[in-house]
Amino acid sequence: MKEIKVFDIAISHPQRIIDGKIKKIDIIKYYEQISSIILPFVANRPVSEIRCHSDIQSAFFRKHHSNSDDLIYVKDKNSLILECQNGTIEFHMYGYNVKTNQPHIMVFDLDPDDKLSLKKVRRGVLDLKTILDKLNLKSFLKTSGGKGYHVVIPFSKVTNYRKFESFAKKVAVIMEKTWPDLYTTNIKKDARNGKIFIDYLRNKKSATCVAPYSLRARKNFPISFPISWADLNKFTPNKVNIKNIKRYLDNNAWNDFFEVKQELI
Ligand code: ATP
Ligand code: MN
């Protein structure tokens, strides 16, 4: 049989069904297609991954290489595809740059109580943006590919984790104090009743957030997709997926993400 190669990587079991009609080769071709836009978010930092060794039911989270304590790094297109060849479907990014070991990508994850409407979740990300605007911080929006949205803030100058974490907490506490009936900084599920948990804990050194453009290992393979603030109401959290992404790739809502000049003071 003819060997299939993507970049320099030989692909085994390309026709293996992962879920529905989606095969292993479809996942790999997707990452090949978007490799240059995902790489800035997953290279130069560790990643964690969700892998499947057969179908989607076999998905498991991994933070380290097998049988070692070493974190996982993706350095270029070939190493991205090698991870997929070995079963990776989701890529999760850490907030720090490997050169400095210090943070520069801040993430807020809004996790609603299950019964909350999408309208309230959308109001939540806009309320968060209002606060960040007041602090003169440019923020970026993406769908989670699951149930919500992530608000992401790039810093051109790295800072230390003590400052970074305490700033993220301060922003979440401002939200909770301004709208106590809508938002909580308490991670406990029973404190969430009717509210949205503002997960600022994604900004700990050991924490991750699914990377922009990563697939999710779920039905229809939704994508955590960067959108513009103006498009919030046009995108449900799992709207963009492996099948329809071609329609949205021109969006390029985050094209200046790494050019933004801002720092924590
Ligand atoms: P959703 O919109 O459905 O909440 P999500 O990506 O925000 O999607 P969460 O469960 O809220 O999912 O988790 C937030 C982030 O925390 C994830 O993107 C992931 O990087 C990290 N995370 C989630 N589950 C685990 C886990 N079991 N171990 C380590 N990190 C995890
Ligand atoms: Mn979430």
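For the residue classes used in these legends, Ala, Val, Leu, Ile, Met, Phe, Trp, Tyr, Cys and Pro count as nonpolar, Asp, Glu, Lys and Arg as charged, and the others, Gly among them, as polar. The model is predicted, with local features needing pLDDT of at least 70 and side-chain atom pairs counting only at pLDDT 80 or more, while totals for chains, interfaces and linings use all residues. Residues are numbered from 1 along each chain as its sequence is written, chains are lettered from A and ligands numbered from 1 in the order in which they are written, and side-chain values use heavy atoms, with hydrogens and water left out.

**View 1. The largest cavity and its lining.** On a 1 Å grid over the protein atoms alone, a cavity is a set of points where a 1.4 Å probe fits but cannot get out, and lining residues have an atom within 4 Å of a point. The count comes to one cavity of 30 Å³ or more. The largest cavity holds about 40 Å³, where a volume is the space filled by probe spheres set on grid points joined across faces, edges and corners. Met-93, Tyr-94, Gly-95, Ile-105, Val-107, Arg-202, Ala-207, Thr-208 and Cys-209 form its lining. By class, these are six nonpolar, two polar and one charged.

**View 2. The largest pocket, with a volume of about 520 Å³.** A pocket is an open set of grid points with protein on both sides within 12 Å along at least five of seven lines. Its lining has 27 residues, and Asp-109, Asp-111, His-150, Arg-216 and Arg-218 are the closest to the centre. Strand 11 (105-112) is one of the elements that supply at least two lining residues; strands are DSSP runs of E, at least two residues long, numbered from the N terminus. The lining divides into 10 nonpolar, six polar and 11 charged residues.

**View 3. Ligand 1 in the largest pocket.** Ligand 1 takes up this space, as a molecule sits in a pocket if more than half of its atoms lie within 2 Å of its grid points. Among the 15 residues around ligand 1, His-92, Ser-144, His-150, Thr-208 and Arg-216 come nearest; here a residue counts if one of its heavy atoms lies within 4 Å. This shell has three nonpolar, six polar and six charged residues.

**View 4. Oxygen atoms of ligand 1 beside Thr-208 and Arg-216.** A polar side-chain atom of Thr-208 lies 2.8 Å from a ligand 1 oxygen. For Arg-216, a side-chain N or O atom is 2.8 Å from an oxygen of ligand 1.

Note on methods
Helix = DSSP H or I, 4+ residues; strand = E, 2+ residues; numbered from the N terminus. Polar contact = N/O pair within 3.5 Å; in protein donor to acceptor, adjacent residues only side chain to side chain.
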